[in-house]
Structure formats: C-alpha cells, structure tokens
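Visitor: I would like a close look at one part of this protein, with its side chains and how they pair. Please take me through it step by step.

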Amino acid sequence: MATGDATPAPRIRVGVLALQGSFREHMTLLQKVPGVEVVEVRTKDELESVAGLIIPGGESTTMALVAERWGLIPELRSFAKAGKPVWGTCAGMIFLAEGAEGQKEGGQTLLGGLDITVSRNFFGAQINSFETRLPAPECVKSHGSTDDFRAVFIRAPAVLAAGPGVEVLAEYALTPEERAKHGRDKVIVGVRKGVLMATAFHPELTTDIRWHQAFVDMVRAHAGEAGGVPGKAPPPLYENLGRLPNRPPDMPIYGQEFLKREDL
C-alpha cells in the first residue's frame, strides 16, 4: 500500500453573514483552512446552501436592522435553532444570546439559541478597544503550537451569565480599574454549547486561523452526523471571492501594521 496518499477531506461550504461588519476578514481566514468553500450569505438560498455560518463583528443594531429589512431574521433564527453550526464574533455573540443588557432604546432583534446574558458594550466605547493574550481552549490548542492566542476587543460585549451546559472557552481577568467599575474579577468572553459558539473578541483581525479551524471542525462533525451538507443546489459563488486578499479591510482603522503576523 502506498504511503503518504491520505484521502483529502471533502470540501465543505461555510457561510459568512455579509450584511455589515468584518465579514471579509472572516472569509480571508476561512480560505486558508483546507477543504473549505466560502460563501457570502445575504439571501435565504445562500443560507440554505451552507453547512455552517459565521456572524461577524460589526454594529449589532445596524446588522439586525438590515437583516430585518431583507427578511432574513426568521431564516437565521431557524438556522440557529435547527442545530446548524453557528459562530458569532462580537456583534455575532450578541445576536446569539438569549438576553442582552445595555441595548439602545427599543432594543434589537436577537436570534437566541445560546443560554447567555451579555452586556452589549461591557468594555466601553471604540476608544477603549484593546488587545491581550488569553489561554487557548483545547479545541484551539489542537491546531497550533502555542497555548494562548491574541484576543482583539473592539467595543466588545462580555458574558455576564451562562446557563447550564454552556461551556466556557475563554475568560478575561479584569484590570483593577475594571474590577472597581463592574464589581467582579473576570468575565466570560468565549462560550460554546453544542454547535453554537460565540466569542467577544475578533480572531478574524489576526493571522491566527486556529479559531476558524476549530469552527470548521464543528461544521464537519455536524455535517457527518447529519448525513452531509443539505442537498439543495447552491447558488453560484461570487466572482470576487478569488480577489479577497486585494480587498480593503472592512474596519479601516486597523491597517497592515495592526494585522501583524502571529508566531504560532
């Protein structure tokens, strides 16, 4: 028997909700994961064609309003509650929460599915954005040589409470000033329950693809258990997918110097 001829994993379609926010950055990293076909999701047909979905960071209220205007809220809610893998980053975490504090007047639509309560702008305004390194959970460590990861927080939420069965993937230890303000020592910033995952930080704004690899692992496992990707013929892929590296970041405040190489 010949050696070194391992059968490559079948390609799997992963969608990124492309209404607003850092969807291009997510797509760029997903394209670096072997065997992944990336789809911009803006319609019901595009959503039905994918085996897993990422809801990116951005302005959560704006994203919800656009989704409502395009009639996507029922479809997204059904996708999440039907057991399909979904990963929400920052604004996406708010979307997946069952409850949120600190919302604007009138609130916003939540998809729900994750038994967590989040504080919408726990860390403050845009000027309070920061980055740090946090211990990596096992699902992330298994894809690299470092035991921590670079966590970028931009006007970020935090999990105030998590229900039974919610696995904590990442926690952030508050500074003395933050402890005095919030009356607690730490907050949860990464969670998972079943095939729903949420992070308050932005892995897509780094060059570390391990979080995306971990999510693709979830999508593959679920697709295998469910008998494969939905059989409906997918819509054509956008022609611009091959030019993603040349497209500007969706958050122009972070340029090439910020998107520095990771030493994995």
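Guide: What follows is a walk through the charged pairs, the aromatic rings, the core and the cavity of a predicted model.

Start with the rings. The model has 12 aromatic pairs. One of them joins phenylalanine 130 and tyrosine 172, with ring centres 5.4 Å apart and planes at 45°, and this pair is classed as tilted. Phenylalanine 130 belongs to strand S7 and tyrosine 172 to strand S10, so the pair ties together parts that are 42 residues apart in sequence. Phenylalanine 130 has a relative accessibility of 22%, which means that this residue counts as partly exposed. The limit for buried is under 20%. Tyrosine 172, at 7%, counts as buried.

A second pair has another geometry. The ring centres of phenylalanine 149 and tryptophan 211 are 5.3 Å apart, and because their planes stand at 75°, the pair is edge-to-face. The angle needed for that class is over 60 degrees. Phenylalanine 149 is in strand S8, while tryptophan 211 is in helix H8, which covers residues 210-225; the pair links distant parts of the chain, 62 residues apart. Both phenylalanine 149 and tryptophan 211 are buried.

Phenylalanine 123 deserves a stop of its own. Leaving out residues up to four places away in sequence, phenylalanine 123 touches Phe130, Phe153 and Tyr172, along with Asn128, Ala156, Pro157, Ala158, Glu178, Val187 and Val189. The largest nonpolar core has 78 residues, and Phe123 is one of those that touch the most other members, together with Leu17, Ile55, Ile116, Phe153 and Val189. Helix H8 gives the most to this core, with seven residues.

Now look at alanine 170, which sits in strand S10. Its relative accessibility is 4%, so alanine 170 counts as buried. Alanine 170 and proline 137 are 33 residues apart in sequence, yet their C-alpha atoms are 6.9 Å apart in space.

Next come the charged side chains. Side chains of opposite charge can pair when their charged atoms come close. The model has eight salt bridges. In one of them, glutamate 131 pairs with arginine 150, and the closest N and O atoms are 2.8 Å apart. Glutamate 131 lies in strand S7 (residues 130-135) and arginine 150 in strand S8 (residues 148-153), so this pair links distant parts of the chain, 19 residues apart.

Another salt bridge joins arginine 192 and glutamate 167, with 3.1 Å from N to O. Arginine 192 is in strand S11 (residues 186-193) and glutamate 167 is in strand S10 (residues 167-173), so the pair ties together parts that are 25 residues apart in sequence. Arginine 192 has a relative accessible area of 18% and is buried. Glutamate 167 has 36% and is partly exposed.

Glutamate 138 is exposed, with a relative accessible area of 58%, and lysine 141, at 26%, counts as partly exposed.

The model has one cavity of 30 Å³ or more, and the largest cavity has a volume of about 30 Å³. Which residues line the largest cavity? They are Phe149, Arg150, Pro203, Thr206, Asp208 and Trp211. Several of these names have come up before. Phe149 and Trp211 are the partners in the edge-to-face pair, and Arg150 is the residue that forms a salt bridge with glutamate 131.

How values were computed
Residues numbered from 1 in each chain as written. Predicted model: local features only at pLDDT ≥ 70, side-chain atom pairs only at ≥ 80, totals over all residues. Heavy atoms only, no water. Salt bridge = Lys/Arg side-chain N within 4 Å of Asp/Glu carboxyl O. Helix = DSSP H or I, 4+ residues; strand = E, 2+ residues; numbered from the N terminus. Buried < 20%, exposed > 50% of the residue type's maximum accessible area, 1.4 Å probe, protein only. Phe/Tyr/Trp six-rings, centres within 6.5 Å; stacked < 30°, edge-to-face > 60°. Core = buried A, V, L, I, M, F, W, Y, C linked by side-chain atoms within 4.5 Å. Contact = heavy atoms within 4.5 Å. 1 Å grid on protein atoms, 1.4 Å probe; cavity = no way out; pocket = protein on both sides within 12 Å on 5 of 7 lines; lining within 4 Å. Points joined across faces, edges and corners; volume = space filled by probe spheres on them.
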